[in-house]
Amino acid sequence: MADLFSCIDNFFSQQTDVLEWGVASPAPLEQPERLMQWLAEHKHGEMAYMQEHLAMRLNPQQFFPEAESVVLFLHRTPVNIVKSPKMLEAQVAAYACGPDYHHTLKSMMRELEPQLVAFDPELKLKMFVDSAPVMERDLAVRAGLGWVGKNGLLLHSQHGSQFFLGGFFLNRKLEKEAVISHDACGTCRRCIDACPTSAIEETRQVNASRCISYLTIEKKGEIDQEFYEKIGNRIFGCDTCQQVCPWNAKLLVDDPSDGSKFNRSLEDWLVILQPGGGFKRLFKETPLYRAGRRKMLRNVGIALNNCEED
Ligand code: B12
Ligand code: SF4
Ligand code: SF4
């Protein structure tokens, strides 16, 4: 007779985009002071949600009191990171060149849930993808899925950092061997040196308020002029600290979005982003739509200005 473990394992092995999965305990964070200090120093910028439900972030059992274990998985990003970003006139981060991963990962877990409940009717599951107050990378480290690199991302020796994280809490005890990865960054510091805005600190933390991903996706209103030139032609997110990372080297491709709706000139974007220009129709299902037309227009404006000055 199948058990809970094999139900999950069989399901994930049939999902071509799931690279690995693991199990963590829902115990409190090992290094709560890191998050507390990051918040105290306002490195979260205007992301007020990072301060909300702090107790849940620090102690996963507060998020789901019945939790006995946490299942986490790595889901391949829709396109690989570009090797030579200059080929693109407007850069959109690779992770965003596809359907909104929040939906993709959640609908996959919604497919799994009834299968697990059919097997164990008392089973309860609570899922998370990105937006829940769950410290996903911390739990992933605990589940043996990689290490947190100096660029702040979870790195896996085979898959680099080119994946999303998602998972679910279970009111059942589940065991899966977790071999904790050692920190394999060593003396490398390529990401720190390559970051255009010096957002990656020597303390292995990202000052989000300086990060181009934050500035172009999360930041509302005006972006501080200090960052205009550094943003270059990035109109949504930033891949630089992943492009330079040796753990991604064999996964990089030349121009994955060639011919896709994401690969457009800045002038094209300007037209699409006008009212009635087609932004909603073309990008409704993608992460770009979440940021909204106004932020995108602001970003394209900055990028155009940078190109004109060249
Ligand atoms: C807020 C946020 C952002 C912010 C801040 C980023 C940051 N580094 O904190 C902004 C908007 C800048 C951002 C940008 C990006 N993000 Co983001 N982001 C998040 C989010 C929602 C929370 C991150 C967080 O908790 N930050 C708080 C600070 C304090 O965390 P921290 O400095 O890393 O320290 C903690 C841990 O890393 C840990 N830690 C550090 N070292 C060690 C060592 C050991 C041994 C242990 C046990 C723990 C540990 O301790 C700290 C406290 O717990 C997560 C999803 C989630 N719910 O977790 C996605 C997430 C991290 N983002 C993701 C992605 C893809 C990105 C981008 C690549 C998108 C892009 N291309 O533009 C960039 C990358 C920027 C970067 N270098 O970090 C993915 C990362 C996947 C991966 N491979 O790791 C996540 C996991 C979303 C997902 N579900 O897939 N993001
Ligand atoms: S995403 Fe870009 S701006 Fe943010 S830390 Fe990485 S290199 Fe720096
Ligand atoms: S570029 Fe180097 S230091 Fe940065 S995350 Fe990758 S291996 Fe670690």
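In what order do the four strands of the open sheet lie? They run 1-2-7-4, and the pairing is antiparallel. Two strands count as paired if DSSP finds at least two bridges between them.

This is a predicted model: local features need pLDDT of at least 70, side-chain atom pairs count only at pLDDT 80 or more, and totals for chains, interfaces and linings use all residues. Residues are numbered from 1 along each chain as its sequence is written, while chains are lettered from A and ligands numbered from 1 in the order in which they are written.

**Overall build**

The protein has 14 helices and ten strands. Both are DSSP runs numbered from the N terminus: helices are H or I with at least four residues, strands are E with at least two. The radius of gyration is 20 Å, close to the 19 Å that the globule rule gives for 310 residues, so the protein is as compact as a globular protein of that length. That radius is taken over C-alpha atoms, and the rule is 2.2 Å times the number of residues to the power 0.38. The C-alpha trace spans about 65 × 40 × 35 Å along its principal axes. Of the 310 residues, 36% count as buried, meaning that 20 or more other C-beta atoms, placed from the backbone, lie within 10 Å of the residue's own.

Strand 1 (18-24) and strand 4 (125-128) are the edge strands; each pairs on one side only. Six bridges join strand 1 to strand 2 (residues 69-76). Among the residues involved, G22 has L72 of strand 2 as its bridge partner. Helix 5 (residues 101-119) lies across strand 2, strand 4 and strand 7.

**Around the ligands**

A shell residue has its C-beta atom, placed from the backbone, within 6 Å of the ligand. Ala, Val, Leu, Ile, Met, Phe, Trp, Tyr, Cys and Pro count as nonpolar, Asp, Glu, Lys and Arg as charged, and the others, Gly among them, as polar.

| Shell | Nonpolar | Polar | Charged |
|---|---|---|---|
| Ligand 2 | nine residues | four residues | no residues |

Ligand 1 is surrounded by 39 residues; the closest are A93, G152, L154, S213 and G237. Helix 6 gives the largest share of this shell, four residues.

Around ligand 2 there are 13 residues, the closest being C195, C211, C238, T240 and C241. Helix 8 (212-218) and helix 10 (240-243) each supply at least two of the shell residues.

The shell of ligand 3 includes C185, C188, C191 and C245. K150, R189 and R190 are also among its residues.

Note on methods
Contact = placed C-beta atoms within 7 Å. Axes fitted to C-alpha atoms, helices over the stretch in contact; angles between N-to-C directions. Buried ≥ 20, exposed ≤ 12 C-beta atoms within 10 Å, placed from the backbone.
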